[in-house]
Each structure stands twice: as structure tokens, then as C-alpha cells.
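I opened this model to go through its sheet, its helices and its charged pairs. My notes are below the view.

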Amino acid sequence: MIAVLEEATATYPEWAPAGWTPELSLADSERKLIPERLALPGCWSRVAEGDGQMVGYVILRPAVEHETPDRLIPGLVHLYHLFVRPAWWGRGVATELLSSGLADAVQRGYHSARLWTPRRNVRARAFYRREGWHETGAETYAPQLDLELVEYRRSLLD
């Protein structure tokens with residue numbers, strides 16, 4: 001997963017603000033967090049493979065309140081990660097991963113989903129809109145990424 005994450009986030013300078021300098025690369029900061037997240041109760045992932053390697057992955061988990069991270073939000077799943085190697089962009093890998101992950105969420109009893117994505121990542125934001133997600137108007141700053149994030153949500157009952 002880290003190799004996929006490294007390749008995908010290597011494209012961030014293409015749209016990040018001039019002089020963008022995160023504290024750590026996203027891959028470095030997630031090296032420890034991904035295994036920790038996957039070990040949390042209710043967290044799951046799906047992977048896509050091609051040419052004998054992992055080409056993308058999605059991780060979902062029960063959503064928690066930002067101010068009280070141990071308090072679950074009933075019925076809401078959080079899309080923690082969705083990354084695809086750039087060489088595989090435009091081939092439907094992200095759509096397939098997202099679809100299968102959200103289908104799992106419905107089977108697990110979730111009725112809606114949320115995610116946070118960088119404000120300046122126009123490609124990701126357009127993808128999520130095409131997939132039925134809507135901006136909520138909520139925004140936050142992620143200091144570890146040195147990026148502004150926007151929240152998207154969607155119903156899973158459509």
C-alpha cells in the first residue's frame with residue numbers, strides 16, 4: 001500500500017501551493033498509521049491488482065467525531081484512503097475500488113459516507129463528484145500535509 005501511496009502522492013506538487021512543504025511525505029506519515037487503522041475494529045480494505053502488482057487500494061472505517069475520536073457516528077462510514085498508481089489512472093480502477101468498498105459498507109449497515117480531500121486536488125474532487133459525492137461546506141487544515149481539505153458526503157441508499 002505504501003508503494004501505491006508514494007506513487008500517487010508524488011503527483012501532489014503538480015497542484016499543491018507554490019512552496020508546498022509538508023512536515024513529512026504522506027507516505028512517511030502513513031507508514032505507521034495504515035497498519036494501525038487496518039487493525040481498528042470495523043476497518044477494512046480492498047485492493048486492485050494488475051501486471052502482477054498492487055495498483056490501487058481503498059480503506060474504509062467507521063466514522064468518528066473529529067473532536068471526540070473515540071465516539072462513532074452511527075450509520076456513517078469514513079473513506080480513509082483511495083489511491084491508485086498514476087499509470088493506472090483513467091482505467092476505472094478507482095471507480096471499481098470505490099464501488100466495492102461502498103457496497104461492503106452497505107452490507108455492514110452504513111447508510112452514508114464521508115471523506116476529506118485536498119481543496120486543490122481538482123482531479124480527485126471531479127472524480128468524487130462524478131461518483132455521486134457532494135461537498136458539505138466543511139473545511140479543515142491538515143498540518144501534517146500542509147494542505148486545506150474539504151469534506152464530501154454521499155448517501156449509500158440511492
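**Ground rules**

I am working on a predicted model, where local features need pLDDT of at least 70, side-chain atom pairs count only at pLDDT 80 or more, and totals for chains, interfaces and linings use all residues. I number residues from 1 along each chain as its sequence is written, and side-chain values use heavy atoms, with hydrogens and water left out.

**Entry 1: the sheet**

I took helices (H or I, at least four residues) and strands (E, at least two) as DSSP runs, numbered from the N terminus. Two strands pair if DSSP finds at least two bridges between them.

I looked up the strand order first. I found an open sheet of six strands, β1-β2-β3-β4-β6-β5, with mixed pairing. For angles, axes are lines fitted to C-alpha atoms, for helices over the stretch in contact, and values run from 0 to 180 degrees between N-to-C directions.

At the β1 side, I counted seven bridges between β1 and β2 (residues 53–64), in the antiparallel sense. A48 stands opposite G56 in β2.

**Entry 2: strand β4**

Is β4 enclosed or open to the outside? I found six of its seven residues (112–118) buried, so β4 is largely enclosed by the rest of the structure. Buried means under 20% relative accessible area, exposed over 50%, partly exposed in between (1.4 Å probe, protein chains only).

I then checked its neighbours. β3 (residues 72–84) pairs with β4 in the parallel sense over three bridges. The chain gets from β3 to β4 through helix α3 (residues 93–107), and this β-α-β crossover is right-handed. The test for that: with the strands pointing away from the viewer, the path from the first strand over the helix to the second runs clockwise. On β6 (residues 147–155), β4 has seven antiparallel bridges.

Contact here means heavy atoms within 4.5 Å. I looked at α1 (residues 2–9), which packs on the sheet and touches β2 and β3; its direction makes about 75° with that of β3. Then I looked at α4 (residues 122–130). It also packs on the sheet, touching β3, β4, β5 and β6, with its direction at about 165° to that of β4.

R125 is in α4. It counts as buried, at 13% relative accessibility. What does R125 touch, leaving out residues up to four places away in sequence? I listed T117, P118, R119, E135, V150 and Y152.

The R125 side chain makes a polar contact with the E135 side chain at 2.8 Å. A polar contact is a pair of N or O atoms within 3.5 Å; within protein, one must be able to donate a hydrogen and the other to accept it, and residues adjacent in sequence count only if both atoms are side-chain atoms.

E135 also forms a salt bridge with R129, with the closest N and O atoms 3.9 Å apart. A salt bridge is a side-chain nitrogen of Lys or Arg within 4 Å of a carboxyl oxygen of Asp or Glu. Salt bridges with shared partners join R125, R129 and E135 into one network. E135 is partly exposed at 42%, and R129 is partly exposed at 43%.

**Entry 3: other salt bridges**

How many salt bridges does the structure hold? I got seven.

One of them is R46 with D104, at 2.8 Å, N to O. It links β1 to α3 across 58 residues. R46 is partly exposed at 34%, whereas D104 is buried at 10%.

I also looked up R119 with E139, at 2.4 Å, N to O. R119 lies in the loop between β4 and α4 and E139 in β5, so the pair ties together parts 20 residues apart in sequence. R119 is partly exposed at 33%, and E139 is partly exposed at 44%.

**Entry 4: positive phi**

I checked two non-glycine residues. D51 has a positive phi of about 55°. It sits in the loop between β1 and β2 and is exposed at 69%. D146 has a positive phi near 55°. D146 is in the loop between β5 and β6 and is partly exposed at 25%.
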